[in-house]
Amino acid sequence: MSNQNRTIYGGKVNREKPINFVFNGKSYIGYQGDTLASALLANDVHLIGRSFKYHRARGILTAGSEEPNAIVQLGLGARTEPNIRATEVELYEGLEASSQNCWPSVNFDIGAMNNFLSRIFPAGFYYKTFKWPPSMWLFYEHFIRKAAGLGQSPTAKNPDRYEQKFYYTDITIVGGGISGLLAALGAGRSGCKVLLIDENPELGGYLLDYNFSINEKDGKKWLKKIIDELDGLANVIILKRTTAMGYYDYNYLTALEKVTNHHVEFSNTLPRERYWRIRSKKVILAQGAFERPLVFADNDRPGIMMASAGQKYLSRYGVLPGKSVVLFTNNDHAYLTAFEFVEKGAKVTVVDTRDLLNARISEKCKSLNITVYKSYSVIKTYGYKKVNRIEIQQVDKNQNQLKGEVENIHTDCVLMSGGWNPAVQLFSQSRGKLKYDLKINTFVPDKIIENQKIIGSNNGQFNLQENLNESFDAGIAAANELNFNSVEKVNWTGKEEIEFTHSDVEPYMLGKKKVTKGSKHFIDFQNDVTAADIFLAQREGYISVEHTKRYTTTGMGTDQGKTSNVNALALMSHIHNKPVDEIGHTTFRPPYAPQTIGAIAGRSVDKLFDPERKTSMHEWHVENKAVFEDVGQWKRPYYFPQNKEDIHQAVKRECLAVRNSLGILDASTLGKIDLQGPDAAKFLNMIYTNAWSKLEIGSCRYGLMCNEHGMIFDDGVTSKLGENHYHMTTTTGGAARVMSWLEEFLQTEWLDMKVFCTSVTEQWAVLSISGPNSREFLKDLTNIDLSKESFPFMKFREGEVCGVKARVFRISFTGELSYEVNVPARYGRYVWEKFMEHGKKYNITPYGTETMHVLRAEKGFIIVGQDTDGSVTPNDMNLDWIVSKKKEDFLGKRSFTRSDTVRHDRKKFVGLLVNDKKTVLPEGSHIVEKALKQPPMKMLGHVTSSYYSPTLGYPIALAMLKDGFSKMGEQVVVPLMNGKIIEATVTDTIFYDKEGKRNNE
Amino acid sequence: MFIINCPYCGERDQTEFTCHGEAHIARPDNPSEISDEEWGRYLFFRENPKGTHFERWTHDHGCRRWFNVMRDTVTDQIIKTYKMGEAKPEISNE
């Protein structure tokens, strides 16, 4: 039998359009307009999942985004999603969902034994496992990890596309219920730009499910007219299926729009979800309120739901969740639901905690044959997979005690209503302050911080008549405050059959004694937190509300306690006999509801996650089988293997080619900054540690930059191109940092200095040719006189190379005769290919960064960031030769004489040669005074660079060693991870061509 | 997420900017003549006020200019932005 719980008529589902779906492997039929929850209820499926800790049978508690129980695994394969609220899922053809947190099935769940073991899983169970004994944690962890978490993450890559939208507007209104709609109308008529956000597929909110009248006529028609007018206003944008997730400073909101989640087919043109980043001059919050559960023993069984949810299933979906219904309430308004159920054929009994009842309600109950138990409470429920019987008993409210006979009622559905809590999550995120309202017994907005209004039941105003006019006025006022013209006010008369009562609503609790014995009075359904757990936390001293929350995990589920927080606070207030105001409340943080990471990432995934920077020769490197290395965002050739060479063989070949003949490196990634202006030399004098005043045009100089702490932070060669014109190079990774550093001082300290800095890194392709044959090689390709006399080491010349205008720098990072040929980037590959062709007779060998590293290490040249780490001075690096003694001042100078920087035992830059001439020390290895069996050992320093040197035929290493300069020739030991202890000799840092003859050739 | 009024470009989203800490700490004119303590004060000592704070920002993804921001650390309201070299605004007692 299908749709056995569907009413004969009524509801807004389209009964002409049946939809097939599968739940836990079984096929069902729902209708267009159903949610997964309403379709399941229609098919008499009440058992939806198992609870987190005790694996108790759970059904559907609510009909909206606050749902704590009915959370399912939705979809299959790469598109499967855990923890989806069945109450929010719009039914589509072929939908597949399954229960979570149960094995082997939801009907027979092994984990349900936890329910009987609850004595060993008390509140704070996790904390207790941390505390004692420490060794047991590993044991617990195994089980906790397995038991924790509700659904399954997909293992395949997400195939969907997510988009982001930045949006600017005058007014953003969150919530498309009556308050939000009327505010939008007031503001919209004034002509300002309005964005209205609502999480449901249909606007109207609460009023969609209840009967009301406007000016004594059917309210539903009036509602449609309002929505139609808004649809017609070009300045009002309405986003349905969109949840406002975060509310940040300066009225910055994020919202998640479900674009195609509810579609049968996934779209090629539309994203799955769209993440909105919204800036608005004003925000109006109109999110409404959540109905509050009542706390009684076993209040979590399937078949027990909120009265408003029952109302919604009945009136919107035409689903009667039960035929023999008990309404358990502490307020008038829920009686509307009782009347509605009777009208649709259910037998209804009311259990009301109050002793006095409004005469009109009493009479109507009598006429509808509704039995009302006044001053009674539900004290216990029965039924394993669905509620089938309840026990009720009379309440003595003053004594907070039960009295009299326990009576039994057979039932298949319990509707409960404990009053309403404004949805203050976003308000609170915007740092708005809350206060406890004793009339409606809940937290309501108090002090507003942002440029914001909060209206309707979101603001604790539950009276329809008041809401109509206040909300419309709020919209007009907001537009007015933004200097839009006023529009005419309207007076509507709105009426509900029963108005919300502001008295007698309180979070209702059973007496202290009762909750600690046996039964479970659930406060937080999703995290299985019972009233007893709250008591326990107080007894164990976790009295602050933030402590209680963390110790018991109340309010910490994917629902963030939308239904549970106020009850937990009220119970604490009851335990401590203090007003709730003094208990306080926990902090609400974004996101408002669970959201996909995919939406936050948007299009910034895969190749778009981080830009890749490529040189103009990049494709040549690819074609010639380079292995690449990431240097910052740059792709640099690491080495160029030939004929199945491994990295060691390739690097050896490349190194020897440079030392013996000719190598070529793509050095385009080096940072390049063009400095111009009359104060450029003066500026360089302050930025670099050495002197620049006397540098001649056409000369290059190596420079070291320190920060004000005196620590090296970049290095490079800067050349004087003309009077007041310099070309600075930086490390590949440091280019942006150096540029900012220069700008910082020009803009904040030396505002009078006339210097312009321009990044030209990408404007030049740099071909670095190196090796004894480089002069011979280059002279055929250029009109520049390369003779030693006219173009010596550390000079710069301009001319043509391969017919292209070029800047050639005679500088060397390999220690060999070298030329760095700079050509406009668009000629990079052209010149590179010419070089490769012409270089054949010299066996020109392209080499990558690894060979570059080996060659420079053989020469003891430092790499900033590898040999230095931000805590070393030029002196530490034996670079005093490059620190001016004469200059009065430069950045970092003063710090060279600080007590810490002149310490004797600072680590100093030295060379290390292993005594076995074989072992390549791992970089990062510790150098110790004496090797012991196990740490701690007294540390002397660490290895910063280490390679096998093909030129020398044995390994070399660079290291930072305590007081290293005075340890030349001494022995040190390096214990390795594998237990071996390597002995090494301390040397200077130049392993090859100590006199520096080769680059001067 | 602030909206910051760049003195050169106008109001822009915070994502375009970087904060560089406290403003109005002048580099000493004569570092070689001052004591370690005075130099240490310039290097390491910063205010951490509850209330009005003066800080340096750059409009990195915009004009790349440095400027100063007067911000209330309690409310996160930006009271004023002003160009480098302009005088430090008075803190009003309101």
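Author: A crossing is left-handed if the near helix is turned anticlockwise from the far one by less than a right angle, and right-handed if clockwise. Helices are DSSP runs (H or I, at least four residues), as are strands (E, at least two), numbered from the N terminus. In this structure, α4(A) passes α5(A) in a left-handed crossing.

Reader: How are residues and chains labelled here?

Author: Residues count from 1 along each chain as its sequence is written, while chains are lettered from A and ligands numbered from 1 in the order written. The model is predicted: local features need pLDDT of at least 70, side-chain atom pairs count only at pLDDT 80 or more, and totals for chains, interfaces and linings use all residues.

Reader: At what angle do α4 and α5 of chain A pack?

Author: Axes are lines fitted to C-alpha atoms, for helices over the stretch in contact, and angles run from 0 to 180 degrees between N-to-C directions. Helix α4 (residues 178-190) and helix α5 (residues 219-232) of chain A pack at about 40°, with axes 10 Å apart. That makes α4(A) oblique to α5(A); under 35 degrees is roughly parallel, over 145 roughly antiparallel, 65 to 115 roughly perpendicular, and the rest oblique.

Reader: Which residues of α4(A) and α5(A) meet?

Author: Contact means C-beta atoms, placed from the backbone, within 7 Å. L181(A), A184(A), L185(A) and G188(A) of α4(A) meet I226(A), I227(A), E229(A) and L230(A) of α5(A). By class, that contact has six nonpolar, one polar and one charged residues. Nonpolar covers Ala, Val, Leu, Ile, Met, Phe, Trp, Tyr, Cys and Pro; charged covers Asp, Glu, Lys and Arg; the others, Gly among them, are polar.

Reader: How is chain A divided?

Author: Domain bounds come from an automatic or database domain assignment. Chain A has domain 1 (1-121), domain 2 (162-289 + 422-496), domain 3 (294-417), domain 4 (505-583) and domain 5 (902-1001). Take domains 1 and 3 of chain A: 21 residues of domain 1 are in contact with 20 of domain 3. On the domain 1 side, α1(A) gives the most, with three residues. That side has eight nonpolar, eight polar and five charged residues.

Reader: Is I784(A) buried or exposed?

Author: Buried means 20 or more other C-beta atoms within 10 Å, exposed 12 or fewer, partly exposed in between. I784(A) is buried, with 20. I784(A) sits in the loop between α21 (774-779) and β41 (796-801) of chain A. Leaving aside neighbours within four places in sequence, I784(A) contacts F791(A), R797(A), G799(A) and V808(A).

Reader: How many residues of chain B are in contact with chain A?

Author: 16 residues of chain B touch 18 of chain A. Helix α1 (residues 36-44) of chain B gives the largest share of the chain B side, three residues.

Key: Contact = placed C-beta atoms within 7 Å.
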